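Me: I'm new to this one. Could you take a close look at the salt bridges and walk me through them?

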Amino acid sequence: MNIGLVIHGSLDTLSGGYLYDRKLVEYLRAQGDTVEIISLPWRNYAAHLADNLSLRLPTGLDLVIEDELNHPSLLAANRRPHPYPVISLVHHLRSSEQRPGWQNRFYRWVERLYLQSVDGFIFNSRTTKRAVQDLVGAHAPSLVAYPPTDRFEETIKDHEIRARAESDEFGVLFLGNVIRRKGLHTLLEAMRHQRRDIRLDVVGSLSSEPSYARAMQAEAEVSGLSSIVQFHGPLSQDELIPFLRQAHVLAVPSSYEGFGIVYLEGMAFGLPAIGTTAGAASEIITDGVDGFLVSPGDADSLEDGLRVLAGNRDLLARMSLAARERYNRQPKWETTAGQVRSFLHERIGYNSLTTTSSGHD
């Protein structure tokens, strides 16, 4: 297959969505497919809408996959008839995020136009699939293909998990770009009344929303948390592993997650995960078993969850082992990526049949 992939910016960007895109490209190329990266620059939403004046899909492809986050740029390019199947890879809808109602009404209108223009969907979760179908119905073939969560070859043994649960200090890990949607402000609020033998390591880009990142660093200072909160910026995979091995819990109280790769990556190291009831975290976390689910912005419930795990190490050990078991049940990426490739082949075959049929009419 000769495939195009439309993304914003660089495929090497550090985020769960880009990890998905990157691993999918690696898999397809390893199977002998050609994948052409069609990179659109990151700009504001209005500038992306202006792309419709000039942007057109390239020729010479068998199929194109469009990362749905590029939707405002692709309305005109996706006008039918398509020269080949157009598949949307949906990590989450922009209109699913928390923002003023009038803004989301506009985003829903634009996303609806875009979603109605494609020939099929790859969803990263059942939650994302429901969100799209609530907006445009089930008008096109689709596949739920969970993201790659098995990038770490070696993690941690069960006896190490038990021993870690008994250590005196209690480590909390926030792993994600420091942007408002990820909810670090809620976590910092929940940390204010914790014991002093607790620590919080914040690992993730400080440049995605720099004003928010600066505000969070200032908040840690004025709240008297600077001695127990450390900002590390983005880390490579090898640099990240010690943080995953040493922490006791992963807390990313996002206002919305289309899936939440990070929760399962923490669970690979036996970290109970604290997420929110918004989005797809509930597809991963079973509340009270392998982590906790709190309402977005509910710092009090988050504080209670941290206090319970820090104060009851037997419970911490049980939930840590349960988290590891949950990770082990997740489908492996090779299987999932193979399903994606089969789905793409089917779309090309269907398109060829319909084109041939149209030619005979």
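Reply: Here's a walk through the salt bridges, pair by pair. This is a predicted model, where local features need pLDDT of at least 70 and side-chain atom pairs count only at pLDDT 80 or more, while totals for chains, interfaces and linings use all residues. Residues are numbered from 1 along each chain as its sequence is written, and side-chain values use heavy atoms, with hydrogens and water left out.

Searching the whole structure turns up 17 salt bridges (a side-chain nitrogen of Lys or Arg within 4 Å of a carboxyl oxygen of Asp or Glu). Take Glu-26 and Lys-23, whose side chains meet at 3.8 Å, N to O. They sit three residues apart in helix 1 (residues 16-30), so about one helical turn separates them. Helices here are DSSP runs of H or I, at least four residues, and strands are runs of E, at least two, numbered from the N terminus. Glu-26 is partly exposed at 42% relative accessible area, and Lys-23 is partly exposed at 24% (buried is under 20%, exposed over 50%, partly exposed in between, with a 1.4 Å probe and protein chains only).

Next, Arg-151 bridges to Glu-265, with the closest N and O atoms 2.7 Å apart. Arg-151 is in the loop between strand 6 (142-144) and helix 5 (158-165), and Glu-265 is in helix 9 (residues 261-268), so this pair ties together parts 114 residues apart in sequence. Glu-265 is buried, at 4%, whereas Arg-151 is partly exposed, at 25%.

Finally, Glu-257 pairs with Arg-181 at 3.9 Å. Both also belong to a salt-bridge network with Glu-97, Arg-99 and Lys-182.
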